[in-house]
Amino acid sequence: MYVIMVYDVAVERVVKILKVGRKYLTWVQNSVLEGDLTRAQFERLKAEVREVIDESEDSVLFYLLRSTDWLERQNLGVRKGEPKWML
Amino acid sequence: MRRALYLMGGGTLSRKQNTLCLEREGAKRYVPVEQVLEIHVFGEVEFNKRLLEFLSQHEIMVHIYSYHGWYMGTFYPREHNNSGYLLLQQVVHYLDAEKRLDLARRFVFGAIQNLLHVLRYYQRRGKALEDILTALEGQLGRVHSQQGIEQLMQVEGQAREAYYRAFDRILEDPDFEFEERTRRPPRNRMNALLSFGNSLLYTAVLSEIYRTHLDPRIGFLHATNFRRFALNLDVAEVFKPILVDRTVLSLVQKRQIQARHFDEALGGLYLKEEGRRRFLEAWEERLGTTLHHRGLKRHVSYRTLIRLELYKLEKHLLGDREYRPFRTRW
């Protein structure tokens, strides 16, 4: 399933959460990552995120799409990052 | 879903922040390690032992290709699926001449069936292939009476020869005339495409073998020797027609790959970077294409289908169920 992860956390945890996110998803722009995961991978990602955030203060959102058929990404301005498999 | 990562250009690949990072001209590009199935290296990529350790932990293989796109070798991480019993059975089926011949026949039979299938597909699209189909059916009928591996390989060779004659009639494109099969080096564009596609299929099957209990060094149709993996070559025979040949034919027919995508070198013709990219895109798309599996009653991708084929082979070796090669029905 396709996952878009968006986070808003306290400054001191920004680096930590980015580090976790990058293991599973591709960085798209500040505080946004996305990619194709299995259910199990998604559960592991959530578990790892819980480890680093302070649940009374931080917020992390996941948007889940069953497939990318209905996803259209439009971009204005600079393209900062996108999932790529041929580098 | 895990997928293949292709490194076309140069740079340094390293472990960074517990994930993969490609550094090129000072720019860092992170790749989510959890999503990587295998890595294909075409460019001048540098890496170190720390990276290989990390890849081993994540069970990610690295396939290396030369400048001209030839398969050079594989970093095969530590085995994690070990079964002494299956290995023994694999050896028994290799050493017992009858058992080995039986398996080899099944691979050749499956291969020719799928060759026929590809040609019938083009026949339905109005190509005159009647005589070639008859020739192939003849070879198919001879498979089960062959008494040795050598003869069996000859039958397959003759079937393929007849089959390749159909290519010029299907394509009718002077830039992509087939003439005859040439390797090392491929002497024309069609041969270059087929060789490139075949190497990709060999590595794809090898990657799937790694995910089963089978030992890639012991093949049945292709003799086990000191050089390399053999089992992936056997299984690849069954899939070549539907995966490689169809990809090649459709890329040429749709003019996605053209004469300008090739370069002459070492007395042969090779795909240039742009052509290689186009091929790889089409290849990934084909491996990811799903079809309905009657036994499992769900959709599976061709990549998964290769693995299912290996499970069938395991069952055959263990004496649970006789192996019947995959056959397309579209």
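**Close-up 1. Glu38(B) is buried and carries a salt bridge.** In this predicted model, Glu38(B) has a relative accessibility of 2%, so the residue counts as buried. Its side chain meets that of Arg303(B) in a salt bridge, 3.6 Å from N to O. Glu38(B) belongs to strand 5 of chain B and Arg303(B) to helix 9 (residues 302-317), so the pair ties together parts that are 265 residues apart in sequence. Arg303(B) also counts as buried, because its relative accessibility is 13%.

**Close-up 2. Lys49(B) and Glu53(B) pair along a helix.** The two residues form a salt bridge, with the closest N and O atoms 2.5 Å apart. Both lie in helix 1 (residues 49-57) of chain B; being four residues apart, they are separated by about one helical turn. Lys49(B) has a relative accessible area of 61% and is exposed. Glu53(B), at 38%, is partly exposed.

**Close-up 3. Lys315(B) forms a salt bridge with Asp320(B).** The closest N and O atoms are 3.7 Å apart. Lys315(B) counts as partly exposed at 42% relative accessibility. Asp320(B) is exposed, with a relative accessible area of 53%. In chain A, salt bridges with shared partners join Arg13(A), Glu57(A) and Asp58(A) into one network. Over all chains, the count of salt bridges comes to 23.

**Close-up 4. Phe42(B) and Phe196(B) form a tilted aromatic pair.** The whole structure holds 14 aromatic pairs over all chains. In this one, the ring centres are 5.9 Å apart and the planes stand at 55°. The pair links distant parts of the chain, 154 residues apart. Phe42(B) sits in the loop between strand 5 (36-41) and strand 6 (45-46) of chain B, and Phe196(B) in helix 6 (residues 189-210). Both residues are buried. They also belong to one aromatic cluster, together with Tyr65(B), Tyr71(B) and Phe279(B).

**Close-up 5. Tyr76(B) and Phe229(B) pair between two loops.** Their ring centres lie 5.6 Å apart with the planes at 35°, so the pair is tilted. Tyr76(B) is in the loop between strand 8 (71-75) and helix 2 (84-95) of chain B. Phe229(B) is in the loop between helix 6 and helix 7 of chain B. The pair therefore ties together parts that are 153 residues apart in sequence. Both Tyr76(B) and Phe229(B) are buried.

**Close-up 6. Two arginines sit over tyrosine rings.** The charged end of Arg22(A) sits over the ring of Tyr30(B), 3.6 Å from its centre. This arrangement brings together a residue of chain A and a residue of chain B. Within chain B, the charged end of Arg125(B) sits over the ring of Tyr121(B), at 4.0 Å from the ring centre.

**Close-up 7. Lys240(B) is a buried lysine in a helix.** Lys240(B) is found in helix 7 (residues 231-253) of chain B. Its relative accessibility is 7%, so it counts as buried. Neighbours within four places in sequence aside, Lys240(B) is in contact with Arg160(B), Asn198(B), Leu201(B), Tyr202(B) and Asp245(B).

**Close-up 8. Three valines of chain A form a nonpolar surface patch.** The patch consists of Val11(A), Val14(A) and Val15(A). Together they have about 270 Å² of accessible area. Val14(A) lies in helix 1 (residues 11-24) of chain A. At 31% relative accessibility, Val14(A) counts as partly exposed.

Key. Residues numbered from 1 in each chain as written. Chains lettered and ligands numbered in written order. Predicted model: local features only at pLDDT ≥ 70, side-chain atom pairs only at ≥ 80, totals over all residues. Heavy atoms only, no water. Patch = residues over 30% accessible without salt bridge, like charges linked within 9 Å, V, L, I, M, F, W, Y side chains within 5 Å. Areas by Shrake-Rupley, 256 points an atom, 1.4 Å probe, with all protein chains shown as cover. Salt bridge = Lys/Arg side-chain N within 4 Å of Asp/Glu carboxyl O. Buried < 20%, exposed > 50% of the residue type's maximum accessible area, 1.4 Å probe, protein only. Contact = heavy atoms within 4.5 Å. Phe/Tyr/Trp six-rings, centres within 6.5 Å; stacked < 30°, edge-to-face > 60°. Lys NZ or Arg CZ within 6 Å of the ring centre and 35° of its normal.
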